[in-house]
Amino acid sequence: MASKIFVFFNCDENKNESSMNIFYNNVTYKDTTISRKRLLNKINAEHKAGRVQIAEENFSKVEEIIMKGNPVDAGNFIKYGAIKSFDCV
């Protein structure tokens, strides 16, 4: 059975896949509590650096989704950032 990994990508406003660079964003995060926390820390660091935007009222949603839901869905609340999932076999 395949497990999931997640990758955070900086991207354009429309989240075009052509703007997502695996050579720039090349850290993968396992589907574990520790890795999900690291993914959340990465997104927070990107926000603090001004590379992504998250409306203040959406911070708790992003955290909840990353820690307990499908992290890909958190991308709906992140401007200039996306999370993709991949099967890991």
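Trainee: Is Asn44 buried, exposed or partly exposed?
Mentor: Asn44 is partly exposed, at 27% relative accessible area. Partly exposed lies between buried, under 20% relative accessible area, and exposed, over 50% (1.4 Å probe, protein chains only). This is a predicted model, in which local features need pLDDT of at least 70, side-chain atom pairs count only at pLDDT 80 or more, and totals for chains, interfaces and linings use all residues. Residues are numbered from 1 along each chain as its sequence is written, and side-chain values use heavy atoms, leaving out hydrogens and water.

Trainee: Where is Asn44 found?
Mentor: Asn44 is in helix 1, residues 33-48. Helices (H or I, at least four residues) and strands (E, at least two) are DSSP runs, numbered from the N terminus.

Trainee: And Ser35, buried or exposed?
Mentor: Ser35 is buried, with a relative accessibility of 9%. Ser35 also belongs to helix 1. Beyond its neighbours within four places in sequence, Ser35 is in contact (heavy atoms within 4.5 Å) with Tyr29 and Lys30.

Trainee: Turning to the sheet, what is the strand order?
Mentor: The order is 2-1-3 in an open sheet of three strands, with antiparallel pairing. Two strands pair if DSSP finds at least two bridges between them. Strand 2 (28-30) and strand 3 (81-88) are at the edges, each with a single partner strand, so one side of each has no neighbour in the sheet.

Trainee: Which residue stands opposite Phe6?
Mentor: Tyr29 in strand 2 stands opposite Phe6. Strand 1 (residues 3-10) and strand 2 pair over three bridges, in the antiparallel sense.
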